[in-house]
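Colleague: Could you walk me through how to read the packing in a model like this one? I would like the general idea and then the case at hand.

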Amino acid sequence: MQYGRFLLRRVFHSLFVIWGAATVVFLLRFITPGDPVTALAPPDAGDEVRAALERRLGLDDPIHVQYFEYITDLMVGDFGNSMEVLDRSVLDWIFWTRFLRSLELAISATILAIVIAIPLGVVSARRRHTPADYSATLFSLGGISTPNFWLGLMLILLIAVPVGFIPTGTPGPLLHEAVGDLFAGDPGTLGDWLRFMFLPALTLGTYFTALITRLTRSGMLEEIGKAYVKACRAKGLPETLTMYRHVLRNTLIPIVTILGLQLGTLIGGAIITETVFEWNGLGQLLIERINARDWTMIQGIVIIIAIGFVTINTVVDLLYAYLDPRVMEE
Amino acid sequence: MGEPILRVEDLTTRFFTEEGQINAVEGVSFDVEPGEVFGIVGESGSGKSVTALSLVDLVESPGRITNGSVWFREPALAARIREDDPDTAAADGEMVDLRRLDDNERRALRGTEFAMIFQDPMSSFNPSITVGTQIAEAVEVQRRATANPRAVRSRTQGFGLLKFLTTSMVPTVDYVSEESRDRAVELLDTVGIPDPASRATEYPHQFSGGMLQRAMIAQALATEPSVLVADEPTTALDVTIQAQILNTLGDLQAEYGMTTVLITHNLGVIARMCDRVGVMYAGEFVERGSLEDLFERPSHPYTEGLLGSSPALDNGDRRLQPIAGNVPSLLDEEMPDRCYFADRCPKAMSECLDKPPEFDADGSEGHRARCYLARDAYDPGDALPEGYFDES
């Protein structure tokens, strides 16, 4: 019940954020150079053709009419059609291929990071000033300072090329297709999905892994110094239980925040990794559509990213409230 | 004197910091008899808290107990140790030396025989777990220890690896049983918390300081300890609350017959609670004895100074007489080879430039003082000239 009210409030806030993003990207069209008609019309088109195109795209109305239509359409989930490929629905184009692909990559990278980073950070903090700690610190320093494009290229060069069965340069199947095939009795697609996903997720996740390792280590060290840890030991709680149930749990609070923010940026912003691996994700699509002045698509992508961002943040806030009960009181 | 339950011999704890070696506790020895309240009093930085932590082996890096033993009477354990190794140095009669036990044995004792109350209740509870659960954890530890003593001494304390992993990783799978939770509510009731069932589901930040200190006492009782170490249990509380907490502590101590080691800087608390007292200064016991010995016949000028600097109602027109100077540095290289108190002592003599051993003093059998005045009367003719320590 408590969580329900909390969630409701967050969803209400989120709607405002999405509306804001939608408005800003709409207004952006009027202050950026280049327009869809010029991009679409043949170079030798006369005024008549241009006027017809403008009418067809709905750009001849006054701004406030356009804005009103745009927002009311959005409210019923109608993102319109692309301004370049006129009969192609924006939502279909973005969501069912590009968005899912980026989301899968972002989530895989995050999971990879969590699975590696948190145990590494815990070990590093508990065995401070031992070779294990020094190696973990060295790794995280390296991970933070390695640029993605270089790491991606090196992984292709040093792993994908010699090993052979790890493909690069083409996008693989989507997870929902793979799972569908699995239930239909063909596990091969899932194997393909894993093969295709491995290197991009590793590339995208390395910085993230390094960051969380450091955060976990320093957070744990800070928590271990607190008086309640001594109290746990005094009551005879096993050390491992003290570490995981008390210390790590409190360390997770700041980590969850960073995780959420980072995952949000990864969805729309993994352009470099997507380019290196020809991943055909949302970031790449955005750049391509901006070059084509395809404004309905640009609007759609920005709004989808905004929705993804606020959803993740809401989930983070809920987790946060679960981890630290004091949050709920405010 | 009866058989002591706790016998501390020559306990020495040092901190190895970057500034140098700090001698926080230096050769401390004392006995505690079953059921009594033994007080340790001293100024801030005299090493009394570190002594408390050394007793329960909770001294943390860079600190380390470097010498001495803590003998604890536990006949069953002593017999078992001797069975495993007849020539062991860790058992002596019915006593076992906590310092020579292996880590798991020692940790197992911490949950079951020793409990500790800390100074600041607000920071001694985990802020994100309910008070009831935290107390129930202590009950659970005790429960597992009595159900299966051998397993508790293993690394995972009778959890089984699989159960241990699932309870550690999945927060909804709880390793604290319902019975332990019920017991935690009972304990909260025992220490005088109203409406214990609903308070148990609250978080530490929803408690007041006094209530939380009560909860901490409940947590300490959960383990049904033989020895309770209370490190400044009332220092962080309001005066009115202090009195309540001391009453609760006194009642429970009498009811459960717990042996208590009470650390405080407050002589009023000592006078009210303790049977015997040790006075700490610069990491050493400068005087120890019964309550009467210390309050009626103090032998060490430092004890006299402490008494003189605390207010009392019956001589209201008397001015308080603070001890001049500051607590000395405990840094090894700065510690002189003389009586550590000599530079602040109003009765310092040339003899005091040699470090005094412990002397028997007048009064009860166990009254001892680390001062030549316990042996000889003060001779003003032998006094060190005023300002002697200023130049050096």
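Modeller: Gladly! Let's start with a helix pair: α1(A) passes α4(A) in a right-handed crossing, where right-handed means that the near helix is turned clockwise from the far one by less than a right angle, and left-handed anticlockwise. Helices here are DSSP runs of H or I with at least four residues, strands are E runs of at least two, and both are numbered from the N terminus. This is a predicted model, in which local features need pLDDT of at least 70 and side-chain atom pairs count only at pLDDT 80 or more, while totals for chains, interfaces and linings use all residues. Residues are numbered from 1 along each chain as written, chains are lettered from A in the order written, and side-chain values use heavy atoms without hydrogens or water.

Colleague: At what angle do the axes of α1 and α4 of chain A cross?

Modeller: Two packed helices are described by the angle and the distance between their axes. Here α1 (residues 2-31) and α4 (residues 63-75) of chain A cross at roughly 145°, and their axes come within 11 Å. The axes are lines fitted to C-alpha atoms over the stretch in contact, with angles from 0 to 180 degrees between N-to-C directions.

Colleague: Which residues of α1(A) and α4(A) meet?

Modeller: Among them are Trp19(A), Phe26(A) and Phe30(A) in α1(A), and Tyr67(A), Tyr70(A) and Leu74(A) in α4(A); contact means heavy atoms within 4.5 Å.

Colleague: And how do I read a nonpolar core?

Modeller: In soluble globular proteins, nonpolar side chains tend to be buried together. A core is a set of buried Ala, Val, Leu, Ile, Met, Phe, Trp, Tyr and Cys residues joined through side-chain atoms within 4.5 Å. The largest one has 115 residues, and Leu6(B), Phe30(B), Phe72(B) and Ile135(B) have the most contacts inside it. Helix α10 (residues 209-222) of chain B gives this core its largest share, 8 residues. Among the residues that Ile135(B) touches are Leu187(B), Leu188(B) and Ala218(B).

Colleague: Is Arg101(A) buried or exposed?

Modeller: Arg101(A) counts as buried because its relative accessibility is 11%; the cut-offs are under 20% for buried, over 50% for exposed and partly exposed in between, with a 1.4 Å probe and protein chains only. Arg101(A) sits in helix α5 (residues 90-126) of chain A, and its contacts include Pro171(A), Leu174(A) and Trp279(A).

Technical notes. Lists of a residue's contacts leave out its neighbours within four places in sequence.
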